[in-house]
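Hello,

Here is the structure I promised to pass on. Please have a look, then read my notes below.

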Amino acid sequence: MSGILSSWFVQGMVKATTDMWLKGWDERNGGNVSLRLLEEEVKPFAADFVAEPRHLELSQPAPALANCWFLVTGSGKFFRNVQLDPADSLVLLQVSADGMSYRIHWGLVNGGVPTSELASHFQSHAVRKQLTNGNDRVIMHCHATNFIALSYVLELDAASFTRKLWEGSTECLVVFPDGVGIVPWMVPGTDGIGSKTAAQMKSHSLVLWPFHGIFGAGPTLDDAFGLIDTAEKSSEVLVKVLSMGGMKQTISTAELIALGERFGVQPWQAALDVGKRNVA
């Protein structure tokens, strides 16, 4: 293997999508991932680019991402097959200078287009790029089984949902102290759900799509995967606890505050206050 197929970003996407498939989060063509790349990371592989890149319009302008490069999963592609033929399942594209379109420079060798959630990804990328001074470069969407299951039985209130996850596993508050945002159920693959998700991404690195899945943001593929994996592990614990009759004891508000102090993170105050409401 040589050229762009051996690059850290293609190999990283292969590993991430394979791991997500093995977790059971991405059945059939479910889920999508996008990784923002720097020009200096991409240019060494220019010899592998197509001579005449396809030019496609964006359904939603993305001026904040002008000239940015992205490695993205393709629409209709199965995560289980990315490892077998990355050049068929992935696409390397660059947003135009005016943010109105993009060009496909590599990938999708058998045809196709980027994920149908590209608008949602780009809207969230724009928010996280500004919010983290460019540090967050990954948006990851999948159908994490237990996380979805909780959306049917827990109140769809972001603070309450977050509090349950924090109580489900001690590490959760440390990994996502900013909590979980929630959007109402909406038709996927639309600009509308992208706008709602991006609005939540202003305050949360994790966003629940009820009855559907999860959106996560992070600096690297490993960070975004680990974020979702942590939330899903806590969700699995909660599903089991609820099936056994519910909690008889749990982590207290004072203990959550102490946890945040020990690891130098500031827990989302609204989720901490849920405990006070419960006591009242």
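**What I found**

Lys77 is buried, with a relative accessible area of 14%. Here buried means under 20% relative accessible area, exposed means over 50%, and partly exposed is in between (1.4 Å probe, protein chains only). Accessible areas come from the Shrake-Rupley method with a 1.4 Å probe, and for residues only the protein chains shown count as cover.

Some ground rules. This is a predicted model, so local features need pLDDT of at least 70 and side-chain atom pairs count only at pLDDT 80 or more, while totals for chains, interfaces and linings use all residues. Residues are numbered from 1 along each chain as its sequence is written, and side-chain values use heavy atoms, with hydrogens and water left out.

**Salt bridges**

Side chains of opposite charge can pair when their charged atoms come close. A salt bridge is a side-chain nitrogen of Lys or Arg within 4 Å of a carboxyl oxygen of Asp or Glu. How many salt bridges does a search of the whole structure find? It finds eight. Three of them follow.

Lys77 forms a salt bridge with Asp88, and their closest N and O atoms are 3.1 Å apart. Lys77 lies in the loop between β3 and α3 (79–82), and Asp88 lies in helix α4 (residues 86–89), so the pair ties together parts that are 11 residues apart in sequence. Helices (H or I, at least four residues) and strands (E, at least two) are DSSP runs, numbered from the N terminus. Asp88 is buried, at 16% relative accessible area.

Asp229 forms a salt bridge with Lys23, again with the closest N and O atoms 3.1 Å apart. Asp229 is in helix α10 (residues 221–243) and Lys23 is in the loop between α1 (8–22) and β1 (32–37), so this pair ties together parts that are 206 residues apart in sequence. Are these two residues buried or partly exposed? Asp229 is partly exposed, with a relative accessible area of 22%. Lys23 is partly exposed too, at 43%.

Glu167 forms a salt bridge with Arg163, with the closest N and O atoms 2.8 Å apart. Both lie in helix α7 (residues 158–168), four residues apart, about one turn of the helix. Both Glu167 and Arg163 are buried.

**The sheet**

Now trace the strands. An open sheet of nine strands has the order β2-β5-β4-β3-β1-β6-β9-β8-β7, and the pairing is mixed. Two strands pair if DSSP finds at least two bridges between them. Which strands stand at the edges? They are β2 (54–57) and β7 (180–182), each with a single partner strand, so one side of each is left without a neighbour in the sheet. The twist averages 25 degrees from one strand to the next. For such angles, axes are lines fitted to C-alpha atoms (for helices, over the stretch in contact), and angles run from 0 to 180 degrees between N-to-C directions.

Look at β4 (residues 90–95). Six of its six residues are buried. In a regular strand the side chains alternate between the two faces of the sheet. In β4, Leu90, Leu92 and Gln94 are buried on one side, and Val91, Leu93 and Val95 are buried on the other.

Strand β3 (residues 69–73) pairs with β4 in the antiparallel sense, over five bridges. There, Val72 stands opposite Val91. Five bridges also join β4 to β5 (residues 101–107), and these run antiparallel. Leu93 has Ile104 as its bridge partner in β5. The hairpin of β4 and β5 has five residues between the strands, and Gly99 takes a positive phi near 75 degrees there.

Strand β6 (residues 138–142) is joined to β9 by five bridges, running antiparallel. Ile139 has Ala217 as its bridge partner in β9.

**Cysteines**

A disulfide is a pair of cysteine sulfur atoms within 2.5 Å. The search of the whole structure finds zero disulfides. For Cys142, the nearest cysteine sulfur is that of Cys172, 15 Å away. Cys142 is buried, with a relative accessible area of 0%. Cys172 also counts as buried, at 0%.

Best wishes
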